[in-house]
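Hello,

Here is the structure we talked about, handed over for you to look at. My notes follow below it.

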Amino acid sequence: MNVSLVKDLSVYQLVMGVQAPPKPLSLSPATLLSLVRAQIDLLIEQQIAATLWVKLPPDKIWQSELARYQSSVGASSLIYTCQIEESSKGEAGEDKGEGRLNISSSPSSPSSHYVPVHLPPDSQMRRENFLMVLSPQFCSLILAHRPLKKRKNQTSGKVNTNKNQPLLIITTVEGRIIQQVLNSIQQAIAPESSSILPASFICPTVPQGALMNQLLAKQLLRQDEINRQIITVRTNKLEQQNQELHNKEQLKDEYLKNVCQELRIPLTHMKTALSLLNSPNLKPPQRQRYLQMLNTQCDQQNSLITGFLELVQLEQNLQGTTLELVRLSDIVPGVVSTYQPVAQEKGIMLAYTVPTELPSVWCVSGRLRQIVINLLHNSLKFTPNGGQVWVRARTQGDYVQLEFRDTGIGIAENEIPKIFDRFYRVRTAATEDYGGAGLGLTIIQQLLLRCGGSISVKSKLSEGSTFTVQLATVSNIPGAIATENEL
C-alpha cells in the first residue's frame, strides 16, 4: 500500500484556517513528547483501534511510541507516516531526511501496518510534526509548528533557523476541526492511492467525558514525568557547575598559597641579612656581603611581584588582546645584538640564523619581542662560561619554528613537564642561585596559546636545552584574519 499527495499541504495552516481556530501555545519539545505519550497511553489502555496520520521527529524516542501503540493494539491499527523525500538541504538549512520515520520489519511491528506518505523536500509540512488519531469513538490532533525565524547568514546569504526555539503547539479534540483537516487531506490524495478512511467516516463532535478525564489525567502524569527528568538534568548540571567552581576555588587558593610562599622567601633572607648587619663585631667585607644579599633579595622580590601582576593581567585580558603580523627578521637580530655584550662577558658564543624570506607570523600585539628576550635570557643565564647559544628560525609546514639551543646545565627529565608551571624553578646541584620569579615560561606559554602557537623543550643534564616555539603563519590561522581585519 502506498499513498502520495498531488497537492502540498500544511496541517498547521489547515487548522488555523477553520472558523474560531484553537490558540497555539508556545511550548517546549519536551511538552510535545509528554502530550504524544499521554495520547498513546489512552489508546492502549482503552484498546482503541484507530487510524493514525503522523509526522514525528526521526529520533528513536518518538518512533518507539508508535511501535508501542502498534504492538499493543495489533493488526486493527493503521499508521500513515509522512516522510520527507531526501535531498541535500532544505531552504532553511535543515538536515536532509528530517521527519523520515524508519520502520523496521519485525513480528511485533510488521511494516505492512505502516503506510508511507511521500512528501516533496520543500513540503510545507517540513516545519511541522503532528499526531492525528481517527476512530469512531475518539479523534484528536496534536500539532507542533516551528516558526521560521529569519536570520540571514552574513557569508552565505541564506536564511537560517534556530531549532532550539519553542514550538507553537495546538491540541484539539473538536470533531469539526479534525474533520476539516481530514477532508483536505483526502482531497489532496492522488486518485490511484487508497483512501485513508471509508467515505462514511465522520469524526465524533467531542469524545466521551470519561475518555477526556482519563486523557487529562494521563497528560498530567506524563508532564510530571518530563518535569522530573528536566529537574534531574538541571540538578546534575548545577552540581557539575558547583563542582567546577569548587575546583576553581581550590586552584585559586593553592595559587595564592604559592604566591605567599614565594614572596616570603626573599623576605626571610632580607630579615636575616638585616639581623646580621646589626652585629657589633661585623667586619667591612661581611657588611658588604650582607648588603649585597639585601640588594639581591629586593630584586628577587620585585621580580616576583612584577611577574605575578603581569601574569594576572594577562590571564584576565588574554582573550581581548589583539594579534598582529610580525616578521621574525625584524625582531630577533635586534634582541641578539642587545645580548651580545652579556654573552661576551661570559665567553659564550652567541649566533643566530633568521632568513629574511620567512613568512610573517601571528603573535599577541607587542609580545613577540618579550618572548624572544625571555628565552634568550634563560639560555644565556643557564649556560656556563665558554658555552654556546644558537637562535635559528625556519619554516615547518604552516608554521614558522623558532629554536633556542644552548650547551647549558640542562634540565632533568622528571622536571621537564613542570617547567611551565607557575613559580617553578629548575632545581640544580650547583651552588649558584639563578634567581628569577619562575613565571617567564608560564607567560610565554599563555601568549603562544592565544595566537595559535606552542612551545616545547628537549633537554639533557649537563648537555644543554632546546626550546622550540611554533608560530602560526597567515595560512594556518584563518580565524585571526577575520578577527584582526583592521590590520
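**What was found**

In the protein chain, 75% of the contacts with a separation of 6 or more are between residues 24 or more positions apart. Please keep in mind that this is a predicted model. The protein chain has 487 residues, of which 44% count as buried. Its secondary structure comes to ten helices and 17 strands.

**Cores**

The largest nonpolar core has 46 residues. Leu328, Leu375, Leu376, Leu402 and Phe467 are the residues with the most contacts inside this core. Helix 8, residues 368-381, supplies the largest share of the core, six residues. As background, nonpolar side chains tend to be buried together in soluble globular proteins.

Which residues does Leu376 touch, once its neighbours within four places in sequence are left aside? Leu376 is in contact with Val335, Val336, Tyr339, Leu350, Val389, Val391 and Phe404.

**Helix pairs**

Start with helix 2 (residues 29-45) and helix 3 (residues 60-73), whose axes come within 10 Å and cross at roughly 5°. Helix 2 is therefore roughly parallel to helix 3, because angles under 35 degrees count as roughly parallel. On the helix 2 side, the residues that meet helix 3 are Pro29, Leu32, Leu33, Val36, Arg37, Ile40, Asp41, Leu43 and Ile44. On the helix 3 side they are Ile61, Trp62, Glu65, Arg68, Tyr69, Ser72 and Val73. Sorted by class, this contact has eleven nonpolar, one polar and four charged residues.

The other pair is helix 8 and helix 9 (residues 440-450), which pack at an angle of about 145° with their axes 10 Å apart. The crossing of helix 8 past helix 9 is left-handed. From helix 8, Gln370, Ile371, Asn374, Leu375 and Asn378 take part in the contact. They meet Gly440, Leu441, Ile443, Ile444, Leu447 and Leu448 of helix 9. By class, this contact has seven nonpolar, four polar and no charged residues.

**Positive phi**

Two residues other than glycine have a positive phi. For Ala20, phi is near 55°. Ala20 is in the loop between helix 1 (11-16) and strand 2 (25-27). Is Ala20 buried or exposed? With a relative accessible area of 55%, Ala20 is exposed, because the cut-off for exposed is over 50%.

For Gln47, phi is near 50°. This residue is in the loop between helix 2 and strand 3 (51-55). Gln47 has a relative accessible area of 45% and is therefore partly exposed.

**His269**

Where is His269? His269 is in helix 5, residues 209-277. Its relative accessibility is 35%, so His269 counts as partly exposed. Leaving aside neighbours within four places in sequence, His269 is in contact with Met293 and Gln297. His269 and Cys298 are 29 residues apart in sequence, and their C-alpha atoms are 9.5 Å apart in space.

Regards

How values were computed
Residues numbered from 1 in each chain as written. Predicted model: local features only at pLDDT ≥ 70, side-chain atom pairs only at ≥ 80, totals over all residues. Heavy atoms only, no water. Core = buried A, V, L, I, M, F, W, Y, C linked by side-chain atoms within 4.5 Å. Buried < 20%, exposed > 50% of the residue type's maximum accessible area, 1.4 Å probe, protein only. Helix = DSSP H or I, 4+ residues; strand = E, 2+ residues; numbered from the N terminus. Contact = heavy atoms within 4.5 Å. Axes fitted to C-alpha atoms, helices over the stretch in contact; angles between N-to-C directions. Parallel < 35°, antiparallel > 145°, perpendicular 65-115°, else oblique. Nonpolar A, V, L, I, M, F, W, Y, C, P; charged D, E, K, R; others polar. Left-handed = near helix turned anticlockwise from the far one by under 90°.
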